[in-house]
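Hi,

Have a look at it first, then read on for what turned up.

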Amino acid sequence: VHKSKGLEFKIVFLIAATDSAFPGRRRGEVKIPKELLKEPKSFTQATHEAEMRRLFYVACTRAKEELYISYPLEVTATGRPIKRSRFIDELADAIDLPLIRAEVSASSQINVGALAAARAAEAVFLKTARGNDSYINDIEDESYADIVAKELADYFNFKKSRALISATDKAAVLKKFDDIIGRLINSPYSQVVKAEQFTAVILNKASESLAESGEAASKPVSYLDFLPVNEAGGMTLSVSDIILYQKCPLAFKFKYIYQIPMVPSPEADFGIFIHNVLQRFHSAYPRSEATLEKLLSIYDKGVKVRRLGRTTAEKQLIDKGRHALQLYLPDFLAAEGEPVFFEREFNWRIKNHRIRGRVDRADKLGDGTYELIDYKSGKSWQPKQIREDLQLSIYSLAVRQSWEIEPTLLSYYFLMENKKMPALRTPEELEVAQALVLSACEDILTEKFAPKVDFINCQYCDCRVLCPATEV
Ligand code: SF4
C-alpha cells in the first residue's frame, strides 16, 4: 500500500483486509511515509489507528473504476474467526454506494484463480499484440501472417476461457466460440482452437484448488495429459524447461498446465533478435567470407523489419547491439578454434527421457576436441552464477551422446560486453548435473509442483500476479 501512493489502477484488489492488519496493533517497526504523518509523532494506539485509516484510504482511492476488498472468514489451521477491518464498516457507513458482498468458498477457488489466470493471459496477449502491430501494417513475410492468425486465435481462446468460467451451459459457450474462431481462422490455425489447453483445465479440473501442497498423492486428477510425456513414458523437455523447473516447479506448472504465456522483457526480446542475426549471418557466410559489412547489413535489415527504434530505450538497444557486433566480428575472425556448428540441435536420451536443445556455437580445437559457446545478451555473470548454472553442463553431457564429440571447453559469451567467460566443469560436477536433470524429469512425471519462493526469481516471474505462494 505504501508503494502505491501516487499511482492509480483501473481495478484494485485490497486483500486480507482484517482488523489485525487494518489497523492492527501499534508496532515500532511499522514505517509510515513522512508525508502521511500529520499527527504528532508520539506513537500511541490512537495515532497508529489514525495513520492506518489514512493508509486504508490511500489503498481504496487507487482504484479508478472498481475496488474489491476481501478478508478471510476464518483461519483454516485453528478455525479461529477473523474480524474484518473496522475501516470496511466505516466505509460502508460513510458512502452511499451499495457495497456488494460476496463470500468465496474454498471450492470456488479454482474460479478465482482461473479468472485471474485468464485476465493475466489476456493482458499479456494484448501487450504482445500491440508490440506486433507493425506486422499487421507491413506483412513482408508469410510467417508474420502466421503470427497474426495465431494471436487472433489466442485472443478468442482467452475470451472463451473467461466466458467458460462463469457459464452454466459450458457446451453452448464452447460451440459459440469455436464457431466464431472457425469462421475467422482457416485451417491450420483452427487447430490452435482445439489444442488450447487452458479451456480443458477449466472444464476438467473445476473442482480443484489452485493452492499447492507439493504432494502428488493428494492430487485428485492427473496432469499427465497436459505434460510432454513421450512414447517411452518419460518426459520430453527443452533445456530451458529444466532450468525453469529448477528455478520453480510451480512456474513450470503455470507454463505447461495452465498455459500462461511467458513474454520476454524488451531486453530479452532484443537478445533473441541478436541471436537470430548471428544465426543468419553464420549460416549465410563461412568464416573466410565473413565481413563486418555483411553482418551489419543483416542487423540493419532486421532492425527495419522489426520496426525497432520507436522509443528511446529501443534506440539505445540498437546502438548497443551494433557496437557489440562490431566488437564480436574481429574476435570471431581471430578465434583459435574453427567454428564448425552454429545453432545445432541435440536430442539427449537420459533413461526414458529426452532433453532437446540447441548450442549457439561449437568451435573445433587443435586437438580435435570442441569448445561449446553459449551467447548471452544480458550483463556478464558473477563467477558463482557461472559455476552453478546448469545450461552448459547439460550441453556438455548432451552433445557427447547426441553428436558423439568431446567438449573440453565450455564458455558463456556475453555479447554486449564482448566478454567470453569459461565455465569449467569437473566430471563430478557433470554427474551432479545429470542427476539433477533426471530428478527434475522424475519429479515432473510424479507431478511435484511445489512453489520455490525466491525474492529475485519471484520478482521477475511472469506468473507472480496469480501465484498463491507469493501472497504469504
Ligand atoms: S511467483 Fe515465485 S513461487 Fe510463484 S510461480 Fe513464480 S517463481 Fe514460483
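A word on burial before anything else: a residue is called buried under 20% relative accessible area, exposed over 50%, and partly exposed in between, with a 1.4 Å probe and protein chains only. As for the ground rules, this is a predicted model, so local features need pLDDT of at least 70 and side-chain atom pairs count only at pLDDT 80 or more, while totals for chains, interfaces and linings use all residues. Residues are numbered from 1 along each chain as its sequence is written, and side-chain values use heavy atoms, with hydrogens and water left out.

Let's start with D19. It counts as buried because its relative accessibility is 10%. You'll find D19 in the loop between β1 (9–14) and α1 (45–60); helices (H or I, at least four residues) and strands (E, at least two) are DSSP runs, numbered from the N terminus. What does the side chain of D19 make a polar contact with? The partner is the side chain of R86, at 2.6 Å. (A polar contact is a pair of N or O atoms within 3.5 Å; within protein, one must be able to donate a hydrogen and the other to accept it, and residues adjacent in sequence count only if both atoms are side-chain atoms.) Setting aside residues up to four places away in sequence, D19 touches G24, K83, R84, S85 and R86, where contact means heavy atoms within 4.5 Å.

The loop between β1 and α1 also holds P23. A cis peptide bond links F22 to P23, with omega about 10 degrees.

E404, in the loop between α15 and β7, has a positive phi near 55 degrees without being glycine. E404 counts as exposed because its relative accessibility is 70%. N418 also has a positive phi, near 45 degrees, and is likewise a residue other than glycine; N418 sits in the loop between β7 and β8 (419–422).

Now the packing. The largest nonpolar core has 54 residues, and I242, F252, F346, W348 and I355 have the most contacts inside it. (Such a core is a set of buried Ala, Val, Leu, Ile, Met, Phe, Trp, Tyr and Cys residues joined through side-chain atoms within 4.5 Å.) Elements giving two or more residues to this core include α9 (239–247), α10 (249–256), β4 and β5 (353–364). The largest share, 8 residues, comes from α16. There is also a second, separate core of 24 residues, with F270, A290, V303 and I373 among them.

α10 is worth a click: 7 of its 8 residues are buried, so it is largely enclosed by the rest of the structure. The buried ones are P249, L250, A251, F252, K253, F254 and Y256. Beyond its neighbours within four places in sequence, F252 contacts L227, L237, D241, L244, Y245, I444 and F449.

Finally, how many cavities of 30 Å³ or more does the structure hold? There are 2. (On a 1 Å grid over the protein atoms alone, a cavity is a set of points where a 1.4 Å probe fits but cannot get out, and lining residues have an atom within 4 Å of a point; points are joined across faces, edges and corners, and a volume is the space filled by probe spheres set on them.) The second largest cavity has about 40 Å³ of space. Its lining is H275, L278, Q279, H282, F342, E343, D360 and Y375, and α11 gives the most, with 4 residues.

Cheers

Technical notes
1 Å grid on protein atoms, 1.4 Å probe; cavity = no way out; pocket = protein on both sides within 12 Å on 5 of 7 lines; lining within 4 Å.
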